[in-house]
Amino acid sequence: MKIPFFRSLRFKVGVGYVFLVVINILLTGWAIYNFTGLTRSTSILLTDYFPRMISLENMARSIERHESALSMVLNQDRQGGMVRFEEAREEFSRNYRIAEKDSTNPDLALILSDITATYAGYMLVTDSLFQQVGEGGYAEAKTFYYDRITPFSQRLIDNCFWLLEENQKMLQVVARDTRNTSDEASIAVLVASLVAVTLSVVTMLQFTKRIIEPAERLTETVHQIGRGRLDLKLDIVTNDEVGELSREFNKMTERLRKYEEMNIQQIITEKNKSETIVESIADAIIVCDSELRIQLLNQSAVDLLDVREADAIGRP
């Protein structure tokens, strides 16, 4: 009888493997999802906040280089001071473009706007300083520097560090969120792994119960039947190949048992017949096996040898 495919061992084993594969796929997807969030948070730290904070520090340092260049100018090194001032201005502009990403935050955008306006005023008063120095008024330029330029530079430095402090606060928030995401990802993967292991164990137990155990019982029954226990039967009642094999096996053992009973009856009949023939012969007859041990002797042999039949049977 052909077993339907959905009841066959092939189908059951296939379903078990597919189930385990699906569990592994879901676990992998869940892990990727959580670690993607962790990677995203880490990427924000590495590609956004850190470069921005470095640029703010560089902006503050560039203002200090502006001041150093102005000191050179006031000390009558006008050419060298203007070269260094131009280099500092390029450095400030380069780092300012990186820091401009803060403009997406309304609070930080106000600070950036103030830095922009303050730096524009700073450039105007430094141009006036260069003009005074060019005209030879070094004494007036020094007074102008302390009265007009120093407040601008100090305000720029203060705003840069203020902006840096605000970014540090935001960085702490992102770092905390990253730690939380990392903890959640670890817990989620751990829980998913435990669920996957549990489902895998359940699947293997079902596989063992439905396939391995019946096969082991079938093997043990075959061994006992091989030792002559033809009265044993299997009680496997599944609808798959194992159940079908069990039913056919029971039919086979029943046929073997009947065949053995029939052969035993024939042997007994033939034995009785042989004994009757031997007893009916007047001459003394001794029947031996292949090892020359006495198996049968008639009454004439008992009388002739003067032995008892019970004592002679089995002796050489």
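V195 is partly exposed, because its relative accessible area is 43% (buried means under 20%, exposed over 50%, partly exposed in between, with a 1.4 Å probe and protein chains only). V195 sits in helix α4, residues 138–226 (helices are DSSP runs of H or I with at least four residues, strands are runs of E with at least two, numbered from the N terminus). I187, V191, V195 and L199 make a nonpolar surface patch of about 320 Å². Patch residues have over 30% relative accessible area and no salt bridge; nonpolar side chains (Val, Leu, Ile, Met, Phe, Trp, Tyr) are joined within 5 Å, like charges within 9 Å.

**Ground rules**

I noted that residues are numbered from 1 along each chain as its sequence is written, and that side-chain values use heavy atoms, without hydrogens and water. In this predicted model, local features need pLDDT of at least 70 and side-chain atom pairs count only at pLDDT 80 or more, while totals for chains, interfaces and linings use all residues.

**The whole chain**

I found 7 helices and 2 strands. The order from the N terminus is α-α-α-α-α-β-β-α-α. Of the 316 residues, 31% count as buried. The protein exposes about 20300 Å², and carbon and sulfur atoms supply 59% of that (Shrake-Rupley method, 1.4 Å probe; for residues, only the protein chains shown count as cover).

**Helix α3**

I checked the length of α3, residues 106–134. Its 29 residues should span 42 Å at 1.5 Å a residue, and the end C-alpha atoms are 42 Å apart, so the two agree (expected span: 1.5 Å times one less than the number of residues). G136 follows α3 and has a positive phi near 90°.

**The cores**

Which residues touch the most other members of the largest nonpolar core? They are M59, L70, I115, Y122, L129 and I149, out of 34 residues. A nonpolar core is a set of buried Ala, Val, Leu, Ile, Met, Phe, Trp, Tyr and Cys residues joined through side-chain atoms within 4.5 Å. α1 (9–74), α2 (78–99), α3 and α4 each give two or more residues to this core. α3 gives the most, with 11 residues. A second, separate core has 5 residues, including I294, L297, A301 and A312.

I then followed L70. Leaving out residues up to four places away in sequence, L70 touches F85, Y122, T126, L129, F130, Y145 and I149 (contact: heavy atoms within 4.5 Å).

**Salt bridges**

I counted 5 salt bridges (a side-chain nitrogen of Lys or Arg within 4 Å of a carboxyl oxygen of Asp or Glu). R65 and E91 form one of them, at 2.8 Å, N to O. This pair links distant parts of the chain: R65 is in α1, E91 is in α2, and they are 26 residues apart. R65 is partly exposed at 36%, whereas E91 is buried at 14%.

E57 and R61 form another, at 4.0 Å, N to O. Both lie in α1, 4 residues apart, about one turn of the helix. In α2, E86 and R89 are 3 residues apart, about one helical turn. Their salt bridge is 2.6 Å, N to O.

**Positive phi**

Most residues other than glycine have a negative phi. I looked for exceptions. Q76 has a positive phi of about 70°. Q76 lies in the loop between α1 and α2 and is exposed at 57%. L292 also has a positive phi, near 60°. L292 lies in the loop between β1 (286–288) and β2 (294–297) and is exposed at 58%.
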